[in-house]
Amino acid sequence: FQMQGAKLIGVCSPKGHWYRYGYSSNGKLESVRNPREIVTVENVYDEQQRTVHQAFPDGGRMAYEYDD
């Protein structure tokens, strides 16, 4: 695995394939990229740093709402 400070930025599989993790400037996980360089998930956050939207490579999307 690979760390940058306290953030996990990469994981290597037993076959030597890397999974990469991308973060926003405030440290939230924005994306996960597989060994074929496909972004497997993209996260969007609200002002309170909660996940409100996820996008997937097949075009699928998830939306989250919170009861405040």
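Buried means under 20% relative accessible area, exposed means over 50%, and partly exposed lies in between, with a 1.4 Å probe and protein chains only. By that scale Tyr64 is partly exposed, because its relative accessible area is 31%. The model is predicted, so local features need pLDDT of at least 70 and side-chain atom pairs count only at pLDDT 80 or more, while totals for chains, interfaces and linings use all residues. Residues are numbered from 1 along each chain as its sequence is written, and side-chain values use heavy atoms, with hydrogens and water left out.

**Salt bridges**

- With a salt bridge taken as a side-chain nitrogen of Lys or Arg within 4 Å of a carboxyl oxygen of Asp or Glu, the count comes to 3 salt bridges.
- Arg50 forms a salt bridge with Asp46, where the closest N and O atoms are 2.9 Å apart; Arg50 is partly exposed at 22% relative accessibility, whereas Asp46 is buried at 14%.
- Arg50 also forms a salt bridge with Asp68, the closest N and O atoms being 2.8 Å apart.
- Arg50 lies in the loop between β5 (39–45) and β6 (51–55) and Asp68 in the segment after β7, so this pair ties together parts that are 18 residues apart in sequence; strands here are DSSP runs of E with at least two residues, and helices are runs of H or I with at least four, numbered from the N terminus.
- Asp68 is exposed, with a relative accessible area of 72%, and salt bridges that share partners join Asp46, Arg50 and Asp68 into one network.
- Arg33, partly exposed at a relative accessible area of 29%, forms a salt bridge with Glu37, with the closest N and O atoms 3.7 Å apart.

**Polar contact in a loop**

- Ser24 lies in the loop between β3 (18–23) and β4 (29–33) and is buried, with a relative accessible area of 14%.
- The side chain of Ser24 makes a polar contact with the side chain of Asn26 at 2.3 Å; such a contact is a pair of N or O atoms within 3.5 Å, where within protein one must be able to donate a hydrogen and the other to accept it, and residues adjacent in sequence count only if both atoms are side-chain atoms.

**Aromatic side chains**

- Lys7 lies over the face of Tyr23, at 5.9 Å from the ring centre, a placement that requires NZ of Lys or CZ of Arg within 6 Å of the ring centre and within 35 degrees of the ring normal.
- Tyr64 lies in the segment after β7 (61–63).
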